[in-house]
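Thanks for making time this morning.

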Amino acid sequence: MKNEDIILETKNLFLNYGDKQALKEVSLKVYKNNVTALIGPSGCGKSTLLRCFNRLNDLLDNCQIKGEVLYHDKNLYSQGIDVVQMRKKIGMVFQHPNPFPKSIYENVAYGPRVHGVKDKKTLDEIVKRSLKKAALWDEVHERLFDNAMSLSGGQQQRLCIARTLAVEPEIILMDEPCSALDPIATSKIESLIDTLKQDFTVIIVTHSMQQAARVSDFTGFMYLGEMIEFGKTEKIFSAPEVELTNNYITGRFG
Ligand SMILES: Nc1ncnc2c1ncn2[C@@H]1O[C@H](COP(=O)(O)OP(=O)(O)OP(=O)(O)O)[C@@H](O)[C@H]1O
């Protein structure tokens, strides 16, 4: 891969929650229009690292960060970064679908409205485009003004993806987006991820190695806060270079 394809990069990233070190010297490159999966045993720091990519850890007072997270070569943690604008470009989809208790339409229109879009026709277009991109339009276009809570879990998760897409992000962070879903809903999200990478860059935390192998182009294996091995997914799962990675992917621990 070429350097100009890097959209996000961490350099020597350390993160502590009080005395507890959660990330240790993590350096990672994320390539544009690819899916990057973060895998590793519970507590190894996957979600912590993902949250650094849009500064969600800022909300915690016991959290200290050292090192850099570069987005288009600009450190997200430097002074003068507009966090609201940054989160528009780097959106997050969480483990449990969390739509607002409002209509399907309002869930998607909310972000663009906050960012100043007022014109109804423009909002209608954004809602339609975002729901289409999230592979949900066909299922909901006749009930856009129903409450989002009336959707199934899988539909709610795709609505949350549509809500993220509505503000035109470049990067979509997904923290175990399928862990609350059944196999059919999971497979819909997985094929959606595959389509999304045409327009976006996706970083996904997953507990499932099968899922990482199915959806990602690059995989990072983490252990005790360190990035043990990072590379093309095919290579990580077929010929890892580090013994610890091999032990994990062959199920010897985890
Ligand atoms: N807000 C917090 N305060 C203190 N410690 C925390 C906090 N959040 C996470 N940790 C600790 O940091 C370490 C990394 O947690 P993190 O949630 O990033 O791991 P993970 O790999 O995503 O785990 P899982 O797969 O179980 O979700 C763990 O030891 C966890 O207990």
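Let me begin with a convention: a crossover is called right-handed if, with the strands pointing away from the viewer, the path from the first strand over the helix to the second runs clockwise. Please also keep in mind that what you see is a predicted model. With that convention in place, β7, helix α7 (residues 183-196) and β8 form a β-α-β unit that is right-handed.

How many of the five residues of β7 are buried? The count is five of five. In a regular strand, side chains alternate between the two faces of the sheet.

Turning to the ligand, 16 residues surround it, and the closest are S42, G43, K46, T48 and H207. By class, this shell has five nonpolar, seven polar and four charged residues. Among the polar distances, a polar backbone atom of G43 is 2.8 Å from an oxygen atom of the ligand, a backbone N or O atom of C44 lies 3.1 Å from a ligand oxygen, and a side-chain N or O atom of K20 is 3.3 Å from an oxygen atom of the ligand. Taken alone the ligand exposes 630 Å², of which the protein buries 68%. The elements that give two or more residues to the shell are β2 (20-31) and α1 (46-52), and α1 supplies the largest share, four residues.

Finally, there are two residues whose phi is positive although neither is a glycine, N33 near 55 degrees and R55 at about 60 degrees. N33 is found in the loop between β2 and β3 (35-39), whereas R55 is in the loop between α1 and β4 (63-71). Are they buried or exposed? N33 is partly exposed, because its relative accessible area is 32%, while R55 counts as buried, because its relative accessibility of 14% falls under the 20% cut-off.

Note on methods:
Residues numbered from 1 in each chain as written. Predicted model: local features only at pLDDT ≥ 70, side-chain atom pairs only at ≥ 80, totals over all residues. Heavy atoms only, no water. Near = heavy atom within 4 Å. Polar contact = N/O pair within 3.5 Å; in protein donor to acceptor, adjacent residues only side chain to side chain. Areas by Shrake-Rupley, 256 points an atom, 1.4 Å probe, with all protein chains shown as cover. Nonpolar A, V, L, I, M, F, W, Y, C, P; charged D, E, K, R; others polar. Buried < 20%, exposed > 50% of the residue type's maximum accessible area, 1.4 Å probe, protein only.
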